[in-house]
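Subject: Structure handover

Hello,

Here is the structure for your files. My notes on it follow below.

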Amino acid sequence: MKMFLFYTGLFTLAISLTHGFFTELSVAHIVLFHPLVILFCFILIAYGSRKITPI
């Protein structure tokens, strides 16, 4: 499950950062939507890559 979250975060981050080169985006889309998606991607990557340490 952790690997799925990690790779989903990477895939979504890559699409979020590159799809602006291929499509025309509005300013509201760039300013409002992208920071939220990128933050969510970083959360998925961090959660998927964390190591559980024994107590």
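Thr 12 is in helix 1, where helices are DSSP runs of H or I with at least four residues, numbered from the N terminus, and strands are runs of E with at least two. The model is predicted: local features need pLDDT of at least 70 and side-chain atom pairs count only at pLDDT 80 or more, while totals for chains, interfaces and linings use all residues. Residues are numbered from 1 along each chain as its sequence is written, and side-chain values use heavy atoms, with hydrogens and water left out.

Helix 1

Thr 12 has 27% relative accessibility and therefore counts as partly exposed; buried means under 20% relative accessible area, exposed over 50%, and partly exposed in between, with a 1.4 Å probe and protein chains only. Its C-alpha is separated by 8.2 Å from that of Ile 38, 26 residues apart along the chain. Gly 9 also lies in helix 1, which covers residues 2–18. With a relative accessibility of 0%, Gly 9 is buried. Gly 9 and Phe 40 are 31 residues apart in sequence, and their C-alpha atoms are 7.8 Å apart in space.

Aromatic pair

How many aromatic pairs does a search of the whole structure find? It finds one. The pair is Phe 6 with Tyr 7: the ring centres are 5.3 Å apart and the planes are at 75°, so the arrangement is edge-to-face. The rule takes rings of Phe, Tyr and Trp (its six-membered ring) as paired if their centres lie within 6.5 Å, with planes under 30 degrees apart counted as stacked, over 60 as edge-to-face and the rest as tilted. Tyr 7 is partly exposed, at 49% relative accessibility.

Loop

Gly 20 sits in the loop between helix 1 and helix 2 and is partly exposed at 33% relative accessibility.

Helix 2

Helix 2 has 23 residues and spans 32 Å from first C-alpha to last, close to the 33 Å expected at 1.5 Å a residue (1.5 Å times one less than the number of residues). A kink of about 35° lies at Phe 33, shortly before the proline Pro 35; the bend is the angle between axes fitted to the seven residues ending at a residue and the seven starting there. The buried residues of helix 2 include His 34, Cys 41 and Gly 48. His 29 is found in helix 2 and is partly exposed, at 23% relative accessibility. The C-alpha atoms of His 29 and Lys 51 are 22 residues apart along the chain and separated by 34 Å. Ile 30 is in helix 2, residues 27–49, and is partly exposed, with a relative accessible area of 44%.

Regards
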